[in-house]
Amino acid sequence: MIVADRKHVAEIRDMIKDHDRVLLVGCGTCVTVCLAGGERETGILGSALRMALKLIGRDKVTVDECTIERQCEDAFIDVLAGRVAEYDAICSLGCGAGVQALAERFPRVPVYPGLNTQFIGILEDQGVWAEKCAGCGSCRLGEFVGICPITRCAKRLFNGPCGGSRDGMCEVRPDLECGWQLIYNRAKALGILDRLESIAEAHDWSAGFDGGPRKVVREDQRIAGLGPNA
Amino acid sequence: MDDEPLIIAFCCHYCAYAAADLAGSMRLEYPDNVRVLRLPCTGKIEIDYLLTAFERGIDGVIVAGCLEGGCHFLEGNLRARKRVERAKQILEEIGLEPGRLEMFNLSSAEGTRFAEIVTEMTQRLTELGPSPLRPRGERAERGADEMARQAEAALTGETK
């Protein structure tokens, strides 16, 4: 899932303080699960913002809250369409995709982000989320026994480890496990250490972060006259 | 008196609420500016309850639960402490003094301690001064009484 965390209340307050009516929009998908932008967090932020605005003498600003099922899909944004006309700004508690989806849908209303979107990750422990995937567009987890060297190795090495690996930990942070130690340990446990003997090919970065925003197109799903843009 | 700080005390049914009752039976004197809200356990506390109290202009909030290790529901008071810490952090971000909110642990036999806690918080809040979020022209008392009424109604299962 997408993992995010809330911006500082003062940062959000300063973005919205010159508006008169602001709608906080939570998202019921990833950010609900990572406790950043679901219904409960939206309510808490609403309360915090109303107080923060009052303390700087902007108590006339109305801050209302609502949460929709999914901000990154236009069909779910439909439920907001009637309501948005009553507001002169939106603050989204969705991920970066959610913020932009709302901005595209409501071109006349400024949309501000309430969260800092962090990464694609998993729940590692109660209240702890860890990065696992960089969305590089060319997955090679099969070569590295299911542990991604791009996200788990601080240097993104494809032929590791480096000299900064000490007792299984990375030199970057004392609490950071060395990704390559993890790869080695798992390969050993699976009895396939020999797979690590060959040199890994250079990564095809062109499938990832370069070349502008990416699109995935499934022609078989595209039927003329159907879909949100029909 | 308008200068007297208004406090809401979220009290666990099994300890602090009984301690408050005991303080009364013992004829102990403590400031009368506290409104006690009974909860089945402090684990029932949500961050938005605490923030709502401050939003309504309450000057200070006490969360009073069982002694650590003595929670009727095992870990409700430990969860409450974490939520209180988080709420304090949010108060700081807002620009309101985090000291206006505090969690205490006590047993049902500690009527004297309950009276001390209320006295201690009243002194602290008097030093901090009234909440800048107090509604203009009216006391926050109405908000406090309303919260107390709603909490009791929720606990006793009344719908109104």
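What is the mean pLDDT of chain B, and what share of its residues reach 70 or more? The mean is 90, and 88% of the residues of chain B reach that mark.

## Model and confidence

This is a predicted model. Its scores are ipTM 0.89 and pTM 0.91.

## Overall form of chain A

Chain A contains 8 helices and 9 strands. Its radius of gyration is 22 Å. The globule rule gives 17 Å for 230 residues, so chain A is more spread out than a compact globule. Along the principal axes, the C-alpha atoms of chain A fill a box of roughly 65 × 50 × 30 Å.

Chain A splits into two parts: domain 1 covers 2–119, and domain 2 covers 135–207. The C-alpha centres of domain 1 and domain 2 of chain A are 38 Å apart.

## Packing within chain A

Of the 230 residues in chain A, 33% are buried. Contacts in chain A can also be sorted by sequence separation. Among those with a separation of 6 or more, 59% join residues 24 or more positions apart.

## Where chain A meets chain B

The two chains touch. On one side are 12 residues of chain A, and on the other 13 residues of chain B. Two helices of chain A, helix 1 (9–16) and helix 3 (39–55), each supply at least two residues to the side of chain A that touches chain B. Helix 3 of chain A gives the largest share, with 9 residues.

What classes of residue make up the side of chain A that touches chain B? There are 7 nonpolar, 3 polar and 2 charged residues.

## A buried alanine in chain B

Ala144(B) sits in helix 5 of chain B, which spans residues 141–156. Is Ala144(B) buried or exposed? Ala144(B) counts as buried because 22 C-beta neighbours lie inside 10 Å, and the cut-off for a buried residue is 20 or more.

Which residues does Ala144(B) contact, leaving aside neighbours within four places in sequence? They are Leu6(B), Ile8(B), Arg35(B) and Ile58(B). Take Leu6(B) as one of these partners. Leu6(B) and Ala144(B) are 138 residues apart in sequence. In space, their C-alpha atoms are 8.1 Å apart.

Terms used: Residues are numbered from 1 along each chain as its sequence is written. Chains are lettered from A and ligands numbered from 1 in the order in which they are written. This is a predicted model: local features need pLDDT of at least 70, side-chain atom pairs count only at pLDDT 80 or more; totals for chains, interfaces and linings use all residues. Domain bounds come from an automatic or database domain assignment. pLDDT is the predictor's confidence in each residue, from 0 to 100. Two residues are in contact if their C-beta atoms, placed from the backbone, lie within 7 Å. Helices (H or I, at least four residues) and strands (E, at least two) are DSSP runs, numbered from the N terminus. Ala, Val, Leu, Ile, Met, Phe, Trp, Tyr, Cys and Pro count as nonpolar, Asp, Glu, Lys and Arg as charged, and the others, Gly among them, as polar. A residue is buried if 20 or more other C-beta atoms lie within 10 Å of its own, exposed if 12 or fewer, and partly exposed in between; C-beta atoms are placed from the backbone. The radius of gyration is taken over C-alpha atoms; the globule rule is 2.2 Å times the number of residues to the power 0.38.
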